[in-house]
Amino acid sequence: MAEHLSQSELDYPFKLLEYFNGFRVSKVIFSACELGVFDLLLKSQEPLSARHVARELSSSVDGMERLLDALVGIEILEVEKTDGTALYSSSDVANLYLAKGSAKSLYDMIIYQSQTIYPLWNNMVDAVREGKNQNEKTFGLPPEEVFQAIYRSDEEMLKFMGLMNSSWVLDGHDIATAFNLSCFQNIVDLGGCTGALAREMAKAYPSSSVTVFDLPQVVETAQKHFCQENDAVVFQTGDFFSGEIPPADLYVLARIIHDWPEEKCLMLLKKIFDTCKPGGGVLLVEAMLFENRRGPVMAQIFSLNMLVQAEGRERPPSEYAHMLTKTGFHNVQVCRTGKSYDAILATR
């Protein structure tokens, strides 16, 4: 890619300019979500003018017109001119993923990216120089207390849990079915947050029992804000680092290992191995790097996010396999889903 980029960009750096402006494109989408643009257009039975949208959302006509035009430019909205007036409407993609009311809405993910991740990334230079997260500089909280920063208020906890819920609404089915897990009768999702991934597991394997194991305050918030009628999963409180973990046939660690340095990961995996029933296993869910360090770019960006926000990193399959075998697991299998997250299954 680098060779192709350098050759094609010598005349005029189109691609580089697109990369430079990437943060502006993100902020266009973030701002439209925070203002409620996509919800308003979804509810409307007809295309709306910038003046109408501005009035409904208590914003300036000039500012709203520019924002709507930018959304048209990046092909998220559509526009048509009628009698000299531009009328805006949502695309199918915007209705499905950007409006709050959709079953596949990524609204919570976008709000978290805008209000929490974006400020952290303003300190990326310092994160690279220092080799540590920027929670202290961004939020005034000690760098070693990663989840104290993430859960620094009820509002922030709810935002983070909304992010995780959005992730598994989008990717949960692919993860649940990456391997045939029907042989595992008792599945425990350690750090399972809102239960969104666990529910996908319960749908895929209705004969298995699925438990979400998380901190008391997380479980309380999940049951208050993310519960479902006739929920197929049960919640159990605890701390998988400092306390005991419940017995299970399969333990799921989804976006957990990437938060921590290797020594802490090994400690957790050894605890799981020692508790795991014979013939049981562990399923790791992460954005895996390629062994040759050439991508995927999203995993590389996620790894930078772990630098600026947490204590861990994204890793290639060989590093996960090394940790698993070092702690006693074997028969390590890797499944790349081709989407945001991949899966690794190992047995005891």
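**Figure 1. Two assigned domains in a predicted model.** The domain assignment lists domain 1 as residues 7-98. Domain 2 covers residues 172-347. The centres of domain 1 and domain 2, taken over C-alpha atoms, are 36 Å apart.

**Figure 2. An open antiparallel sheet of three strands.** The strand order is β1-β3-β2. The edges are formed by β1 (48-49) and β2 (77-82). Each has a single partner strand, so one side of each lacks a neighbour in the sheet.

**Figure 3. Pairing of β1 with β3.** Strand β3 spans residues 85-90. Two bridges join β3 to β1, in the antiparallel sense. S49 has L87 of β3 as its bridge partner.

**Figure 4. Helix α6 lying across β2 and β3.** The helix comprises residues 61-73. Its direction makes an angle of about 115° with β2.

**Figure 5. The largest nonpolar core, with 78 residues.** The residues with the most contacts inside this core are W168, L181, L190, Y251, L253, L283 and L284. Helix α12 (residues 154-176) supplies the largest share, eight residues. In soluble globular proteins, nonpolar side chains tend to be buried together.

**Figure 6. Surroundings of L181.** Neighbours within four places in sequence are left aside here. L283, like L181, is listed among the residues with the most contacts inside the largest core.

**Figure 7. Another nonpolar core, apart from the largest one.**

Note on methods:
Residues are numbered from 1 along each chain as its sequence is written. This is a predicted model: local features need pLDDT of at least 70, side-chain atom pairs count only at pLDDT 80 or more; totals for chains, interfaces and linings use all residues. Side-chain values use heavy atoms; hydrogens and water are left out. Two strands pair if DSSP finds at least two bridges between them. Helices (H or I, at least four residues) and strands (E, at least two) are DSSP runs, numbered from the N terminus. Contact means heavy atoms within 4.5 Å. Axes are lines fitted to C-alpha atoms, for helices over the stretch in contact, and angles run from 0 to 180 degrees between N-to-C directions. Domain bounds come from an automatic or database domain assignment. A nonpolar core is a set of buried Ala, Val, Leu, Ile, Met, Phe, Trp, Tyr and Cys residues joined through side-chain atoms within 4.5 Å. Buried means under 20% relative accessible area, exposed over 50%, partly exposed in between (1.4 Å probe, protein chains only).
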